[in-house]
Every structure is written in structure tokens, then in C-alpha cells.
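Subject: Structure for you to look at

Hello,

Here is the structure I said I would pass on. My notes on what was found in it follow below.

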Amino acid sequence: MTINPDRAQDVWKDVGEHVQFTVLRLLRKDQQKDQQAMAEFADRSQAIIRSLKIRDAHLATESGLKVAFGFSKKAWEYLFPNASQPKELETYEGLTGPEYAMPASEGDIFFHIRASNEAVVYEAQTQFRRFLKDITEVVDETKGFRYFEGRAIIGFIDGTEAPAVQDAAGYALIGDEDPDFINGSYAFAQKWQHDMDFWNHLKTEDQEKAVGREKFSDLELEDADKFKNAHNVSSKIEIDGQEQKIIRMNVPFSDPASGKTGTYFMGYARHWHVTKMMLQQMLDTSDFLLKFSTILSGQLFFIPSRDLIDKIAAGELN
């Protein structure tokens, strides 16, 4: 069996212009009812996506509607108790380092929706919610956006180290190492709130040393010119001398009047252990970004392939 991106959900390209992340908690009042509702949602969600692609003219472009949804380990065990599980799916319980920590948060079902038209994002989430509102409650809803030139909210180009689009699928999608879950993906969602006053009071030269790149040109600095805990040093992982990559789809979020501004970290990976190693190394080296950030949430979700969604819709995993 080989990876086929056409059979995957939208996990390997296109960060989007308007973005929404939603985390739901299952109420767990009636397991059989919940399973039936999830089967109906799995079926209807694909029809909703197809309908919206017809209704909105913007979707003729590459910046059209992209949707991925998935389940935590606890949700998978509850909804599909007789089914096997993805090999690396676990309940994220947080990570710690010498100075900082990355806490875990609740969440059973996760949505990542993006489009060039915010009305499409709104309509997609609203229609999805119709089929899940009786069995879930909202834990978190975060709206993200594309900042100038696709930069992070701290002013630097984001995603420079990510694989090129033509290579991305192999880093994002599960392969024949776990054939029952091929073309699925491990999604790690994490919400960072930044102290923008602290960051904006730093000199540009110090910001560059903290990130490891020039702010305007995006050229990487020489190692001697970076802080030892520069972000692009702390987040770089190698296994047996081979650099490991994930697909990052980070976007800024903000309530500017209240000053609550941050980054929603969204990482898709073929192997969860690669993402986990990156996070732990960021903690172990006290990544400079942690100096002015508060991490508000974190959870791991499995994003099933389109073929597996069809099986869920047919009730084959119950």
C-alpha cells in the first residue's frame, strides 16, 4: 500500500486566509446514540463540503475550502470500542522542561477549517455543528487569519523549514507502517498567547537572534549569530543524522482590543513521535519563544482518511 494524498483529508497543504479551529467534548450520555450521530455526521459532512465547493465561486482557486476533523484517543475508544487504533495515538498529558511546560487540555473532536471566504468557514462550521450539538459541547473556538505576507504575528516568515508542497504528503500522512490507517494523520493543536509588549520592545537584532533568521529577508543566520535557544535551533530534530519534518499550519489569532494575541500551532505528522520530540526539545533547550508566551492548550488528534470516514459513516467501526 502506498500513500495517496487524494484519499486524505486536507492536512498537507494550504494554510488558508480565514481559519477556524474548534475543539468539542463528547457529553457521553448515551453511547449508542453518540455512535449513530457520529456516523450521520461522517456521512453528511462530506456532502456539506461538496455543496459549499459548488456554492462559493472562490473555491475554483487553491485557496478554497479545506477541512480536516479528527478524534482524540479517548474519543476513538468511546465511539469505536471494537475497532483497532492508530499505532501512535495516545492521550497527550503534557510535557515539561527545566523552565517551562506545555500543558494538556481537554478535547474529543477537533476541526480545522480554512477558506479564502470567511462566510464559507462560518457556514461549514455551522452546518457541522447541527449534527453534533446534541452530543457535544464546545471546549474552544479560535479564529485565525493570514497575516501580512503569511508572516507569524511576531513578524517573521512562518513555515520556512516546512517541506515543499510537492514533498509534504509524505511527512503528513501515515503510510504502510500502519496500513489500517493509511492516509490518516496525527494532528497536534496548541494555543500560544504572546506578550507582544515584551516582544515589540526587543531590538530587531535580538528578535532575529531569538528566531534564528533575518526578519526582512528570511535568510538563516549563522549559528554563531543566533541565541543558543533560537527557535529554529530548538525545534530542529534529527534521527540517525536525518532531519525530521512535520507540516506546520500555524496562524495568528487575536482579540486586539483586549490585547490577547498569539499563535495557534497546528502540526500534522506521519509520526506523532516526531512532533513530540520537537516539543520536548523546545522545552529542554528553553526555546526563546517560550520566554514571552503562555501555552493555553494542547491535545493530540487522529485525522482519519476519507476511506475511513466512509467506514465510520457506514457504522463499520462501532
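**Aromatic residues and cores**

One aromatic cluster is made up of Phe 41, Phe 69, Phe 71, Trp 76, Phe 80, Phe 111, Phe 128, Phe 181, Tyr 186 and Phe 302. Please keep in mind that the model is predicted.

In total, the structure holds 27 aromatic pairs. Phe 21 and Phe 110 form one that is stacked, with 6.3 Å centre to centre and 20° between the planes. Phe 21 belongs to strand S1 (residues 18-26) and Phe 110 to strand S5 (residues 109-115), so this pair ties together parts that are 89 residues apart in sequence. Phe 21 and Phe 110 are buried.

Another aromatic pair, Trp 76 with Phe 302, is edge-to-face: the centres are 5.6 Å apart and the angle between the planes is 85°. Here too, distant parts of the chain are linked, as Trp 76 is in helix H2 and Phe 302 in strand S13, 226 residues apart. Both of these residues, Trp 76 and Phe 302, are buried.

Trp 76 also comes up in the nonpolar core. The largest such core has 68 residues, and Phe 71 and Trp 76 have the most contacts inside it. Helix H1 gives this core its largest share, 7 residues. Apart from this core lies another, of 23 residues, which includes Val 11, Val 23, Phe 110 and Leu 173.

What is Trp 76 in contact with, leaving aside its neighbours within four places in sequence? The residues are Phe 71, Pro 81, Ala 83, Ser 84, Gln 85, Pro 86, Leu 89, Phe 181, Phe 302, Leu 308 and Leu 317.

**Helix H9**

Leu 308, from that list of contacts, is also one of the buried residues of helix H9 (residues 306-313), together with Ile 309 and Ile 312. After H9 comes Gly 315, which has a positive phi, near 75°.

**Charges over rings**

Arg 28 has its charged end over the ring of Tyr 78, 4.9 Å from the ring centre. In the case of Lys 191, the charged end sits over the ring of Phe 253, at 5.1 Å from the centre.

Regards

Conventions:
Residues numbered from 1 in each chain as written. Predicted model: local features only at pLDDT ≥ 70, side-chain atom pairs only at ≥ 80, totals over all residues. Heavy atoms only, no water. Buried < 20%, exposed > 50% of the residue type's maximum accessible area, 1.4 Å probe, protein only. Helix = DSSP H or I, 4+ residues; strand = E, 2+ residues; numbered from the N terminus. Core = buried A, V, L, I, M, F, W, Y, C linked by side-chain atoms within 4.5 Å. Contact = heavy atoms within 4.5 Å. Phe/Tyr/Trp six-rings, centres within 6.5 Å; stacked < 30°, edge-to-face > 60°. Lys NZ or Arg CZ within 6 Å of the ring centre and 35° of its normal.
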